[in-house]
Amino acid sequence: MKIMRVLSAVLMCLAIAQIVEAQTGRRQTKVRFSAPIEIPNPSAKGGVMTLPPGEYIFALVDTGTSHHVVRVTDATGRTTHSQILTMPDYRLNATSKTVMYLGERPAGQPLAIKSWFYPGNNTGERFIYPKARAQALAAEVKQPVP
């Protein structure tokens, strides 16, 4: 039952993701969520925040270093909701659409975003949660903390 919810959420993201390519060629994707989504946010209490349903832009930030950072903004790109430290993630097959993996959560809780894969790539960005939150999320689904 839980796996079906997660698969449904992933398919929802696949079906509604729209690719937006900035003039600079950086990777960014506009996504519409129909349910609340939890994302890491270093400046928020507990290190996480919940995005209400709506459209958001996920963009890989060029930091000039080897650090991976994803900026999450509103649909216009004017309001930044979070800048998230990420680490490289892999999957076997690339697809022509944006893929976002969402973590399983108990009923009534927002799904937690785990990874973002840009179209055409089998490498992506795995979102890093604060240690205490990552442990809590892993314990909910009985999985190890990455």
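**Figure 1. Surroundings of Ile113 in the predicted model.** Once its neighbours within four places in sequence are left aside, Ile113 is in contact with Ile37, Glu38, Ile39, Pro40, Phe58, Met100, Tyr101, Leu102, Phe127 and Tyr129. The model shown here and in the views that follow is a predicted one.

**Figure 2. The largest nonpolar core of the chain.** This core, the largest nonpolar one, has 22 residues, and those with the most contacts inside it are Phe58, Val72, Ile113, Phe127 and Tyr129. At least two core residues each come from strand 2 (27–33), strand 3 (37–40), strand 4 (48–51), strand 5 (54–61), strand 6 (68–74), strand 8 (99–103), strand 9 (111–117) and helix 2 (131–140). Of these contributors, strand 9 gives the most to the core, with four residues. In soluble globular proteins, nonpolar side chains tend to be buried together.

Figure 3. Although Ser115 and Asp89 are 26 residues apart in sequence, their C-alpha atoms are 7.3 Å apart in space, and a polar contact of 2.5 Å joins the two side chains. When neighbours within four places in sequence are left aside, the residues in contact with Ser115 are Asp89, Val99, Met100, Tyr101, Glu125, Arg126 and Phe127.

**Figure 4. Asp74, a buried residue without a salt bridge.** Asp74 lies in strand 6, where its side chain makes a polar contact of 2.9 Å with the side chain of Thr76.

**Figure 5. The whole chain, as a setting for the close-up views.** The chain contains two helices and 10 strands, and when it is read along the sequence these elements follow the pattern α-β-β-β-β-β-β-β-β-β-β-α. Of the 146 residues in the chain, 41% are buried, while the chain exposes about 8,200 Å², of which carbon and sulfur atoms supply 57%.

How values were computed
Residues are numbered from 1 along each chain as its sequence is written. This is a predicted model: local features need pLDDT of at least 70, side-chain atom pairs count only at pLDDT 80 or more; totals for chains, interfaces and linings use all residues. Side-chain values use heavy atoms; hydrogens and water are left out. A nonpolar core is a set of buried Ala, Val, Leu, Ile, Met, Phe, Trp, Tyr and Cys residues joined through side-chain atoms within 4.5 Å. Buried means under 20% relative accessible area, exposed over 50%, partly exposed in between (1.4 Å probe, protein chains only). Contact means heavy atoms within 4.5 Å. Accessible areas come from the Shrake-Rupley method with a 1.4 Å probe; for residues, only the protein chains shown count as cover. A polar contact is a pair of N or O atoms within 3.5 Å; within protein, one must be able to donate a hydrogen and the other to accept it, and residues adjacent in sequence count only if both atoms are side-chain atoms. Lys and Arg count as positive and Asp and Glu as negative; His and the chain ends are not counted. A salt bridge is a side-chain nitrogen of Lys or Arg within 4 Å of a carboxyl oxygen of Asp or Glu.
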